[in-house]
Amino acid sequence: MTENDIILLVHPEISRTKYNFAGIIDNEPLELEYIWAMLAREGYRPYIWDGQVEKIPFRERLHELRPAAVYICGRTRQEGFMKEYALEAKKAGAVAMIGGLHAQRCYNRFFRSAADYIFTGFDPSAVTDVLGGKSPETISSLCWKKDGHWVVNKAVPHDIRTLIRPDRSYFYQHADRYRYLELLPAAHVRTAYSCPYRCSFCIRNRLNCGVYSQRDIEDVVDEIAQIECENIYIIDDDFLFGEERLEQFVTLIRQRGIHKRYVCYGRADFIAAHPKLMGRLAEIGLYYVLVGIESADDSHLRSYGKLSDNSVNVKAVKLLGSLGVNTMGMFIVDLDFTAADFRNIWKWVVKNDLRHAAVSIFTPEMNTELIKKYRSRLITRDPSHWDYLHVVAKPAKLSVRRYYFHYHVLLIRLFLRAWRQGIYDFIDYRFFIGSMIKNMFGFGG
Ligand code: SF4
């Protein structure tokens, strides 16, 4: 590398339309903060540009800083922006590096971009290895160019216990923006990579080469104690796993006198089977649990390999309600849905008095067996549509237009219900409902 020690770390904006739930859930760029910490330790001067919160356009920031290298992360829906920023970085004379969740599984989609390096693992030290001039042949989980051709080094799982603490300076500077619903600010904490389950629609269990890796819980609690934020969003794909570890979590949080609110993902079967433990988690501040209810009927749950059924979902929602913990019930609207199936989700929500519900359109993830199955039905190849808000493959029983119609009716009903119940009072309901009504007739035409 050159004498220039400035490295710009980039998380592109989620979308360039206003219909993207920005201002409702805005995530701390934790992955970049880990790389920041690693870079600072090696004597570099890192900067973050997060398109969710920045007011200065990327290009302006790039030309102002003139970094030696630019690292860009993102998800599938941000692929276009990632490529665009890599090109800008190259034009500005910087080394262009791509990483993040999408690149882990779909690195070859960046082969025709301006990228010089693509990182396919979680280990942040791969970035400093590349910048420090280590021979690329020796760096795992890396794609690099030799004589103009891409070389794909073997991806290896990263042991999360070797992670250093992230540098949260950027989070603190933008604490007025990073939120989970009404919890503002909300700091992210990761305690594990990947997921031990294998639900068929889910990409999360394939990350980190499909290897589930957990941090020591003492270290997690120590980190939480040091974060200057009342709200902690544990972003593990499934935090409620391992009874003993969670019991220890409760004990340590109590021993250290930590008083915060927690958000985490958890499976309904675990919740339903552990009422006492859930009670103890509620006592130490468990506030939201994001639960994959997925479907109002057991046949879909079976086809997803969820290893659970609806009676368990009902039990989990009831239990959390009785403990005063908010359930964020997450549903999938399948591509084989009829109009009645959309209505059944609505009925499930009302019957089980679920206050918080989120709905995703079934999306076969790129580079999975599932997308092979749906390939002939794909109606778009635009990666920005892999946002769970778009239909990417032809529905089986409805036209695309009718499918969107029923989907938007469901969303509007859920939004109106939330509005009536007085939740999410920080959001502009009129704007969102107006957009949905427009989309009811405008999508899929
Ligand atoms: S849906 Fe949840 S439990 Fe299933 S594999 Fe994905 S993260 Fe794991």
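A: Strand β4 (residues 69-72) and strand β5 (residues 95-98) are paired in the parallel sense, over four bridges. Strands here are DSSP runs of E with at least two residues, and helices are runs of H or I with at least four, both numbered from the N terminus; two strands count as paired if DSSP finds at least two bridges between them. Within this pair, I72 lies opposite I98 in β5.

The model is a predicted one, in which local features require pLDDT of at least 70 and side-chain atom pairs count only at pLDDT 80 or more, while totals for chains, interfaces and linings use all residues. Residue numbers start from 1 along each chain as its sequence is written.

On its other pairing, β4 meets β1, again in the parallel sense and over four bridges. There I7 is placed opposite A69 in β4. Strand β1 also runs parallel to β3, to which six bridges join it, and H11 faces D50 in β3 as its opposite residue.

These pairings belong to an open sheet of seven strands, in the order β3-β1-β4-β5-β6-β7-β8, with mixed pairing. Because β3 (45-50) and β8 (149-152) stand at the edges with a single partner strand each, one side of each has no neighbour in the sheet. Neighbouring strands of this sheet are turned against each other by 20° on average, direction ignored; axes are lines fitted to C-alpha atoms, for helices over the stretch in contact, and angles run from 0 to 180 degrees between N-to-C directions.

Helix α2 (residues 58-65) packs on the sheet and touches β1 (6-11) and β3, contact meaning that the C-beta atoms of two residues, placed from the backbone, lie within 7 Å. The direction of α2 makes about 170° with that of β1.

How many residues of β1 are buried? Five of the six residues of β1 are buried, and the strand is thus described as mostly covered. A residue is buried if 20 or more other C-beta atoms lie within 10 Å of its own, exposed if 12 or fewer, and partly exposed in between, with C-beta atoms placed from the backbone. In a regular strand, side chains alternate between the two faces of the sheet.

In summary, β1 pairs with β4 over four bridges and is joined to β3 by six, while α2 packs on the sheet in contact with β1 and β3.
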